[in-house]
Amino acid sequence: MGLLDAIKRAKEQKISAVAAVTAPLPHSGPLQADAPVSAEDEHSPAVLGVEDLNKILDSIQDIPTLPSIANKVIQAINDPQSNSKHIADIVKNDPALTARLLKVSNSAYYAGFSPCTSVQNAITRMGLMQIKRMVFSISILDAFDKYGAAGFNIKDFWKHSIAVAYNTRTIGKISRFRDNEELFTAGLLHDLGMLIIIKYMPEMFDAIMKKREISPEISFYECERADFPISHCEIGSWLSVRWQMSREIQSVIFNHHNPPIDSTIFEKDIVMFSAIVYLADRLSTRLEAGFLNDSGTEIDERIFNFVFGGSSSEEEVVGHLLKNKAMIEAAVSAL
Ligand SMILES: [Fe+2]
Ligand SMILES: [Fe+2]
């Protein structure tokens with residue numbers, strides 16, 4: 001029995017059990033006790049609880065682990081003592097990674113008078129933070145290198161993820177919320193669940209792609225919600241828990257389509273993370289870095305105001321994000 005069948009069967013059993021006792025439907029959602037709750041709970045076709053989903057998803061044997069270089073880079077990012085030599089030493093152990101970093105540092109966006117030939121050189125040219133972001137992005141991307149399906153272009157997927165990552169960070173900064181790398185990581189990983197669907201639930205992915213072939217205006221997420229008991233949000237959130245990512249990142253992956261801005265359960269900071277990624281996702285799609293129309297481009301005014309509190313217009317924000325375009329293209333050149 002495939003993973004999707006197991007989820008469907010568990011859902012059916014749940015529904016019949018619920019109907020039998022006429023009890024209220026259990027919440028869908030959080031994949032661990034203190035994980036975020038979706039704002040859409042009552043409308044979600046996923047009526048499975050945390051434990052049911054965890055049990056089923058935990059049956060995946062060969063789930064990718066967070067690459068060790070990515071892990072080291074996260075630690076380096078969080079360590080105020082880390083410096084360029086420290087990062088160069090981590091990177092130098094991986095020749096493929098080094099080659100891709102040099103490719104970015106020699107791309108049109110960064111190119112200098114002479115070619116960049118060493119990691120240390122690349123760090124000087126691109127800056128330490130940019131190197132950290134690139135190392136993290138490339139190593140995560142490599143972990144999913146072989147994932148593919150008909151109609152799925154992994155390069156477009158990562159282009160979208162990288163664009164959302166840079167734009168998330170910029171929105172965090174211009175909204176005066178926060179200027180940190182956690183926002184970049186949250187943006188980069190927000191659609192991670194899609195990769196798990198491709199590999200472990202290919203029949204779900206194929207059905208969505210077939211539906212979108214006929215009606216491309218329907219988003220990937222809408223197809224999931226309409227026809228399946230689970231979406232890339234719950235699945236990605238499950239993986240982020242396994243990878244021991246921060247609560248902010250788990251929340252972003254779970255809630256990026258519906259940031260719970262009316263929630264009284266979560267601290268405002270946690271909600272801000274998913275609201276900012278929601279905006280970055282839609283605005284990146286508007287700026288031609290979308291993927292499978294997953295988010296659409298329409299923005300809920302309430303969410304925009306939640307992030308900006310009336311201090312900026314949509315047009316101004318788009319103007320800031322346009323400045324990221326060349327840098328995003330340079331980053332994508334390493335793919
Ligand atoms: Fe998404
Ligand atoms: Fe997205």
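Leu 188 lies in helix H9, which spans residues 181-189; helices are DSSP runs of H or I with at least four residues, numbered from the N terminus. The model is predicted, so local features need pLDDT of at least 70 and side-chain atom pairs count only at pLDDT 80 or more, while totals for chains, interfaces and linings use all residues. Residues are numbered from 1 along each chain as its sequence is written, and chains are lettered from A and ligands numbered from 1 in the order in which they are written.

Leu 188 is classed as buried because 25 C-beta neighbours lie inside 10 Å; the class requires 20 or more other C-beta atoms within 10 Å, with C-beta atoms placed from the backbone. Leaving aside residues up to four places away in sequence, Leu 188 touches Ser 137, Ile 140, Ser 161, Ile 162 and Ala 165, where contact means C-beta atoms within 7 Å. Ser 137 is 51 residues away from Leu 188 in sequence, yet their C-alpha atoms are 7.4 Å apart.

The axes of helices H10 (residues 193-200) and H13 (residues 232-242), lines fitted to C-alpha atoms over the stretch in contact, come within 7 Å and cross at roughly 100 degrees. H10 and H13 are therefore roughly perpendicular, a class covering 65 to 115 degrees.

Note on methods
Helices (H or I, at least four residues) and strands (E, at least two) are DSSP runs, numbered from the N terminus. A residue is buried if 20 or more other C-beta atoms lie within 10 Å of its own, exposed if 12 or fewer, and partly exposed in between; C-beta atoms are placed from the backbone. Two residues are in contact if their C-beta atoms, placed from the backbone, lie within 7 Å. Axes are lines fitted to C-alpha atoms, for helices over the stretch in contact, and angles run from 0 to 180 degrees between N-to-C directions. Angles under 35 degrees count as roughly parallel, over 145 as roughly antiparallel, 65 to 115 as roughly perpendicular and the rest as oblique.
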